[in-house]
Amino acid sequence: MSALTNFTGPRTPEGKAISSMNALKHGFSSKKFIIMPGQEDDFKKLESDLIAEVRPEGALELTLFHLLLRDAWTLHRVELRQAEMADSGRDPLFDPSCEKEFDRIERYHARTQASFHRGLRQLRTLQTNRILQTVIPEPLGKGALPALVKPTEIVALAKRTHKSWNALAMNTLIEATKRSGEASSTEKETTL
């Protein structure tokens, strides 16, 4: 039995902090914001511009906003790295020596871009629902529905339910009319 089979990983907070950085080479897959020296102003500008545009409210929207901000910042960093490669005189499309790095950067770019757009859709849905709840009259108005409930789905369900109730009422009316027509024709026969 080797000594490594009993290894359980770092136990101290310092060891865990060091271990958490083991895979960090470029930070494109990091769950944390990687802000290099000299990029602080760029990051702050991106953050303030996004928050002014998106205007998140509540804990759930803020959580999604921070994921969106992280993805936007990572996309910015990926584009900077691509520009650095081109500025160094190495054409990533035709230089075989940087092909592996370019492919890795492209994978991170595609993955981060997909995550960014997914987060944007989720945040848009939450904000749309929040706005819809403000225009829905009481008792289902603002604050009555949980954040993840889509008022548009409730309206669609209500319309389908309304249609089925209308259809049921119409069928009941038709049946009642038939029965009353049968009853009146039976009455006429008995009176003759």
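Trainee: Which residues touch the most other members of the largest nonpolar core?
Mentor: This is a predicted model, in which local features need pLDDT of at least 70, side-chain atom pairs count only at pLDDT 80 or more, and totals for chains, interfaces and linings use all residues. Residues are numbered from 1 along each chain as its sequence is written, and side-chain values use heavy atoms, without hydrogens and water. A nonpolar core is a set of buried (under 20% relative accessible area, 1.4 Å probe, protein chains only) Ala, Val, Leu, Ile, Met, Phe, Trp, Tyr and Cys residues joined through side-chain atoms within 4.5 Å. Of the 13 residues in the largest one, those touching the most other members are Leu50, Val54, Phe65, Leu68, Leu69, Phe116 and Leu123.

Trainee: Which helix gives the largest share of this core?
Mentor: Helices are DSSP runs (H or I, at least four residues), numbered from the N terminus. Helix H2 (40-54), helix H3 (58-87) and helix H4 (99-135) each supply at least two residues of this core. The largest share, seven residues, comes from H3.

Trainee: Is Glu61 buried or exposed?
Mentor: Glu61 is found in helix H3. Leaving aside neighbours within four places in sequence, Glu61 is in contact (heavy atoms within 4.5 Å) with residues including Leu123, Leu126 and Arg130. Because its relative accessible area is 5%, Glu61 is buried.

Trainee: What is the relative accessible area of Met170?
Mentor: Met170 has its place in helix H5 (residues 151-191). Met170 is partly exposed, a class between 20% and 50%, and its relative accessible area is 47%.
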